Amino acid sequence: MDKLIINGSKRLTGEIEVHGSKNSVLPILAACVLSQGENIIHNCPMLSDVDAALKILVELGCKVKREEHTVCVDSSGVNGFEISDSLMREMRSSVIFLGAILGRTGKAVLSTPGGCEIGLRPIDMHISAMEQLGAEVFEEHGRLHFECKNGLHAARVILPFPSVGATENIMIASCVAKGTTVITNAAREPEISDLADFLNGCGAKIHGAGDSTIIIDGVEKLTATTHTVIPDRIAASTYLLAGAITHGRVCIKEIIPAHLGALIPVLKQSGCDVSVSNRWICISSPPRLSRVKTVRTMPYPGFPTDVQAPLTAMLSVADGTSVVVENIFECRYKHVSELIRLGAKINVEGRTAVIEGVPYLTGASVVSPDLRGGFALVIAGLAAKGETVISGVEHIDRGYENPEKLLSLLGADIKRIKENGTEKK
Ligand code: UD1
């Protein structure tokens, strides 16, 4: 497995662009199963989660071609309705294929996702919604079987929590359900709107995506389209935090700044100078960051849970004590024990982390616990004195395309050492 080696304490400066959104492209690739023909997806990030999604598409009978950041998915020959156990394990979010497979073939078989690094990841809301749309569900040998003998029909689905994945699955499946479906308490993340734009491009009739009530008028079938994925707001946020912790001056270009609306006030409170145009955000960070008022992760437009770990890393060297409350996932503090190895002073009790800022961190060997927690260690390593060696980089590769290249462009001293001990150029 690869390792990242960082020689810290280098001030990051410069401008970068981030890749397309992982959380947008995964449901969009899944939805390709439903749109019969050759879909062209631009700005598709090169991530291991995307590779896993492409393998699932092939398993279902799609033809997939990739050229750099453009992927063609021809779903005219879809004949499968099962996702194998091994691919379910490769990508936890593969439940996102459920609605598309059901809508296309009338049945679907997949494994229960089980727990993962950040929590239990139950899928009860997905299952209940598919039942409301007309599917019968039973479990056998750890596999979930869905079947809708008389096709999908519309429903009024009230979500107990605005789950991103459940909202996406319902939106995708109900595009081809008979009648008008209404989702109440839907997730409002920008990735939901991006998925709706893709589906509407395929001929779906979705209104209100981005609001908490989404209305979908079912159509007979979807046809293929061309779509450009939105920029990754989580990656953009993470690189801004990397700039902030190194007292740097970093601009992220070609993004949609409104998508980072909850992070900007936190950066300002920490003492960063933040300037925003319609396509970029630049930050300039002070010699010592300040503590911030309690940050609570919430569904969009609240502070994103995916930015909690990188923020915790940044606050570990702020002047004063900050508090972070994780409200979305129950086990999302696994990076904390590794940050402590780097000299951070953080105390976690339940969902709350109390971060007592220290003047500096020192390099050490640490292990990436999960995707965002892994990047939190990169951020800490960039600020730490001396060398930080991060293993478990495969987690980071699920969601960040070539992070060492982007960080090097900003002046970081970071390299990737491959399993055989050679440096990746
Ligand atoms: C998506 C994102 C992930 C992000 C999360 C929250 C993708 C591929 N992943 O994950 O990066 O951290 O949104 O913004 O887009 N829950 C249930 N039952 C369900 C579904 C969810 O209890 O049926 C719970 C989850 O355990 C979690 C909370 O609801 O505690 C939010 O999960 P959800 O919004 O569904 O996240 P994902 O779609 O899995």
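Is F375 buried or exposed, and what is its relative accessible area?

A: F375 is buried, with a relative accessible area of 0%; buried here means under 20%, exposed over 50% and partly exposed in between, using a 1.4 Å probe and protein chains only. Keep in mind that this is a predicted model, where local features need pLDDT of at least 70 and side-chain atom pairs count only at pLDDT 80 or more, while totals for chains, interfaces and linings use all residues. Residues are numbered from 1 along each chain as its sequence is written, and side-chain values use heavy atoms, with hydrogens and water left out.

Let's start with the rings. Searching the whole structure turns up three aromatic pairs, counted when the ring centres of Phe, Tyr or Trp (its six-membered ring) lie within 6.5 Å; planes under 30 degrees apart are called stacked, over 60 edge-to-face, and the rest tilted. Y239 and F375 make an edge-to-face pair, at 5.4 Å centre to centre with 80° between the planes. That pair links distant parts of the chain, since Y239 sits in helix α8 (residues 233–245) and F375 in helix α12 (residues 371–383), 136 residues apart. Helices are DSSP runs of H or I with at least four residues, strands are runs of E with at least two, and both are numbered from the N terminus. Y239 is buried too, at 0% relative accessibility.

On to the other partner of our residue. The rings of F375 and Y400 have centres 4.2 Å apart and planes at 35°, so this pair is tilted. Here too distant parts of the chain are linked: F375 belongs to helix α12, whereas Y400 is in the loop between α13 (393–397) and α14 (403–409), 25 residues apart. Y400 counts as buried at 1% relative accessibility. Put together, Y239, F375 and Y400 form one aromatic cluster.

Rings also turn up with charges over them. The charged end of K385 sits over the ring of Y360, 3.8 Å from its centre, and that of K107 sits over the ring of F81, 4.6 Å from its centre. For this, NZ of Lys or CZ of Arg has to be within 6 Å of the ring centre and within 35 degrees of the ring normal.

Now for the cysteines. There's one disulfide, taking that as a pair of cysteine sulfur atoms within 2.5 Å. C251 and C282 form it, with their sulfurs 2.1 Å apart. The torsion about its S-S bond is about 110°, so the disulfide is right-handed. C251 lies in strand β16 and C282 in strand β18, so the bond ties together parts that are 31 residues apart in sequence. C251 is buried at 12% relative accessibility, and so is C282 at 11%. C72, by contrast, is in no disulfide; the nearest cysteine sulfur, that of C32, is 9.9 Å away.

β16 (residues 249–253) is joined in parallel to β2 (residues 13–17) by five bridges, and two strands count as paired if DSSP finds at least two bridges between them. E15 has C251 as its bridge partner in β16. β16 and β18 (residues 281–284) pair in the antiparallel sense over four bridges, with I252 standing opposite I281.

Finally, the sheets with helices on them. Contact means heavy atoms within 4.5 Å; axes are lines fitted to C-alpha atoms, for helices over the stretch in contact, and angles run from 0 to 180 degrees between N-to-C directions. α10 is mostly covered, with eight of its eight residues buried; among them are L311, M314 and L315.

Another open sheet of four strands runs β10-β11-β13-β12, again with mixed pairing. β10 (156–158) and β12 (205–207) stand at the edges with a single partner strand each, so one side of each is left without a neighbour in the sheet. The twist averages 15° from one strand to the next.
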